[in-house]
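Let's take a walk through this structure together. Have the sequence and the 3D view ready, and we will go from the sheet to the core and then to a few individual residues.

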Amino acid sequence: MTKVFKRISEHAIDFLVPSERNGFIPRALGVRSFFYYGFLIFVVAIMLFSPLTKTLPWRVFLANLSQELILTQTNPVRQSVGISPLQVDPLLAEAARMKAEDMIARDYFSHIGPSGELPWKWIEALGYKYAAAGENLAIDFSDPSALVNAWMASPTHAANIQNGVFTDVGIGVAEGVFEGRNTAVVVMFLGSKAKTTVAVVQPSPPPAPLFAPEPPPAPDPVSQPDPVPSPVPVEPTETSQQTVTSVPINTQAVRSDTPTISENNI
């Protein structure tokens, strides 16, 4: 083990300190070292500035890292007032990233886009079904603690963070040129998912079988009234008087008590 440390220390000295062993030229200043330096700078430049690497996983990792750092400052604030911590939702995180990059690309910093786009456009486009949603924005911050302190100093931003209705969060960070200066914008989307209810539909009972309506019974024959006899005039006499009246007519009305049934009434 001692020999290993001794060799490491000798190589470190040769790399940094001029000596007779390295010809009084540290290896850090050698031609080969400068070749490695140039290659490393080239690779880093491509990773940072090339548009071809905007979708590489390392960018997602950096966004998640910034998100975690901001949440490290945000959730204790909620817990201090008795509210449960926010949970990262992937859809909200992606929506926040897209909104942040859109603000850099189109050079604006606002809740509403240049064409009148509301903040919820980004959430709805990714299929996040929300019952409530909120948005916090920030710009020109590099320290998560200073960022959250600034939000908490603003009543409207603090109200979003301390709103117990919100349970989910997504934070997006984008770096670029805004109004001629290099900066970073931060988008925080807060939300709570809409509860989906499943309606249980009871099966309707089968319809009753249809029967052809029974024909109505034939009406009873109507009896013809008896002919009324003509009164017989009697000439009165002086000794007696007799009044003759007509016989009352024996009438009989017949009606059907059975209603007519049609298929439309079934």
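Two strands are said to pair if DSSP finds at least two bridges between them. Helices (H or I, at least four residues) and strands (E, at least two) are themselves DSSP runs, numbered from the N terminus. Before we use these terms, please keep in mind that this is a predicted model, in which local features need pLDDT of at least 70, side-chain atom pairs count only at pLDDT 80 or more, and totals for chains, interfaces and linings use all residues. Residues are numbered from 1 along each chain as its sequence is written, and side-chain values use heavy atoms, with hydrogens and water left out.

Let's begin with strand β3. On one side of the pairing list is strand β1 (residues 87-88), which runs parallel to β3 over 2 bridges; here V88 has V169 of β3 as its bridge partner. How enclosed is β3? Of its 11 residues, 8 are buried, so β3 is largely enclosed by the rest of the structure. Buried here means under 20% relative accessible area, exposed means over 50%, and partly exposed lies in between (1.4 Å probe, protein chains only).

Next comes the interior. In soluble globular proteins, nonpolar side chains tend to be buried together. A nonpolar core is counted here as a set of buried Ala, Val, Leu, Ile, Met, Phe, Trp, Tyr and Cys residues joined through side-chain atoms within 4.5 Å. The largest such core has 17 residues, and those with the most contacts inside it are M103, I123, V185, V187 and F189. At least two of its residues come from each of α4 (90-106), α5 (120-125), β2 (130-139), β3 (168-178) and β4 (181-193), with α4 giving the most, 6 residues. To see how V185 sits in its surroundings, look for contacts (heavy atoms within 4.5 Å). Beyond four places in sequence, V185 touches A100, M103, I104, F109, A138, I139, G172, V173 and A174. Apart from this core lies another, of 14 residues, including I70, L86, I161 and V186.

T74 belongs to helix α3 (residues 57-80) and, at 0% relative accessibility, counts as buried. Leaving out residues up to four places away in sequence, T74 touches L86, V148, I161 and M188.

Now follow helix α4 from end to end. Its 17 residues reach 24 Å from the first C-alpha to the last, close to the 24 Å expected at 1.5 Å a residue; that expected span is 1.5 Å times one less than the number of residues. At the start of α4, a side-chain oxygen of D89 comes to within 2.9 Å of the backbone nitrogen of L91. The buried residues of α4 include A100, M103 and I104, which are also among the contacts of V185.

Just after α4, D107 takes a positive phi of about 55 degrees. Most residues other than glycine have a negative phi, and most peptide bonds are trans. D107 is in the loop between α4 and α5, and its relative accessible area of 40% makes it partly exposed.

A search of the whole structure finds 1 aromatic pair. Rings of Phe, Tyr and Trp (its six-membered ring) pair if their centres lie within 6.5 Å, and planes under 30 degrees apart count as stacked, over 60 as edge-to-face and the rest as tilted. F109 and F178 are edge-to-face, with 6.5 Å centre to centre and 65 degrees between the planes. F109 is partly exposed at 32%, whereas F178 is buried at 6%.

Our last stop is D140, in the loop between β2 and α6 (144-153). D140 is not a glycine, yet its phi is positive, near 70 degrees. Which side chain makes a polar contact with the side chain of D140? The partner is T183, at 2.4 Å. A polar contact is a pair of N or O atoms within 3.5 Å; within protein, one must be able to donate a hydrogen and the other to accept it, and residues adjacent in sequence count only if both atoms are side-chain atoms. T183 lies in strand β4 and is buried at 11% relative accessibility, while D140 is partly exposed at 46%.
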